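Hi everyone, thanks for coming. I'd like to walk you through one structure today, starting with the overall layout and then moving to a few helix contacts and individual residues. Have a look at it while I talk.

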Amino acid sequence: MGRGTRLRPNLFGPSMDKQHFLVFDYCGNFEFFDENPEGHESVSGRSVTARIFEKRLTLAGKLDNNPYKHDASLQSYKEELLDLLHQQISNLDHQSIQVRPHLKLAHKLEDRAIWNRLKSNERNEIIRTLSEVIPPNIEEDERTRRFDLLMLRLQHQVLDGTLAKSLLKESAMETAEQLYQKKHIPAVEKALPFVEKAMNEEFWESPEVNELDEIRVALRNLVHLINNYDRTVAFTDFEDELSAPEIEDAVVGEPIINEQKGISEKSGNL
């Protein structure tokens, strides 16, 4: 409440202490917090880093089910995902004010073996509690993280059997086509087999989860080479349809002659 609510002995003289204070609650704060003791939770969008963490953890959960748990290559990939997630949690700064409220869970997850037997509700708790406290790699370009997220979402769609009707693969193909235009750059030339694979429509008919990750690894550090002025790729978390804009013809009024100034002025919307 501020200084006005503090005790103040002898304020009005010897033994004449402050007895009361008056609050003008113009904004209705008392009424609001009587009804909402915990306040309102923030509704701001989740960070890209948090969404990547979530997609990796839920992807590992899907790979733990039939028929994927009998595929040796997918199980090896699942272990890589869990190793990375475990490392991210182990590297959290325990002095951070964002991490401190969740130290009990963070300490528990420092045991790598626990990640191998997580249940669905435990994964949900980890995502809800810790995904937003994972710090982003400040040395990475934002487009690199968004490309990671795009490829992870495509991997989920492969497992869910929804890739055929998805428009996300168009974003991946467009990214590869933009990089192909930069094939004169040595780094792009080195990754050209992966660029060409991602450009191929036939590849997207039945890609493997591991293949998508190989493309992600090969291209993630190249997407920043796509110039902003010729870049048409948009990494989004929704699908939308845009209708053609309606353009109204400009209306130009008749010229008005200002005889005193000897100039012509036009009225209307230009």
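Before I count anything: helices here are DSSP runs of H or I with at least four residues, strands are runs of E with at least two, and both are numbered from the N terminus. Please also keep in mind that this is a predicted model.

With that in hand, the protein has ten helices and two strands. Reading from the N terminus, the order is α-α-α-α-α-α-α-α-α-α-β-β. The protein has 270 residues, and 33% of them are buried. If you take the contacts with a separation of 6 or more, 60% are between residues 24 or more positions apart.

Now to the helix packing. Two packed helices are described by the angle between their axes and the distance between the axes, so that is what I'll give you for each pair.

Let's begin with H2 and H6. Their axes are 10 Å apart and the packing angle is about 25°. Angles under 35 degrees count as roughly parallel, so H2 is roughly parallel to H6. The crossing of H2 past H6 is left-handed. On the H2 side the contact includes Val48, Ile52, Lys55, Leu59 and Leu63, and on the H6 side Leu149, Leu152, Arg153, His156 and Leu159 are among the residues involved. What classes of residue make up the contact of H2 with H6? There are ten charged residues, seven nonpolar and four polar.

One residue from that contact deserves a moment of its own. Lys55 sits in helix H2, which spans residues 48–63. Beyond its neighbours within four places in sequence, Lys55 contacts Leu149, Leu152, Arg153 and His156. Lys55 and Asp148 are separated by 93 residues in sequence, while their C-alpha atoms are 10.0 Å apart in space.

The axes of H6, residues 142–160, and H7, residues 168–180, come within 10 Å and cross at roughly 135°, and that makes H6 oblique to H7. This crossing is left-handed. From H6, the residues involved are Phe147, Leu150, Met151, Arg153, Leu154 and Gln157, and they meet Leu168, Lys169, Ser171, Ala172 and Thr175 of H7. By class, that contact has six nonpolar, three polar and two charged residues.

Arg112 is in the loop between helix H4 (103–108) and helix H5 (120–130). With 18% relative accessibility, Arg112 counts as buried, because the cut-off for buried is under 20%. The side chain of Arg112 makes a polar contact of 2.7 Å with the side chain of Asp83. Leaving out residues up to four places away in sequence, Arg112 touches Glu79, Leu82, Asp83 and His86.

The other is Asp213, in helix H10, residues 209–219. Asp213 has a relative accessible area of 11%, so it is buried too. Which side chain does Asp213 join through a polar contact? The partner is Arg216, at 2.8 Å. Not counting residues up to four places away in sequence, Asp213 touches Tyr77 and Gln155.

That's my tour, so over to you for questions.

Technical notes. Residues numbered from 1 in each chain as written. Predicted model: local features only at pLDDT ≥ 70, side-chain atom pairs only at ≥ 80, totals over all residues. Heavy atoms only, no water. Axes fitted to C-alpha atoms, helices over the stretch in contact; angles between N-to-C directions. Parallel < 35°, antiparallel > 145°, perpendicular 65-115°, else oblique. Left-handed = near helix turned anticlockwise from the far one by under 90°. Contact = heavy atoms within 4.5 Å. Nonpolar A, V, L, I, M, F, W, Y, C, P; charged D, E, K, R; others polar. Buried < 20%, exposed > 50% of the residue type's maximum accessible area, 1.4 Å probe, protein only. Polar contact = N/O pair within 3.5 Å; in protein donor to acceptor, adjacent residues only side chain to side chain.
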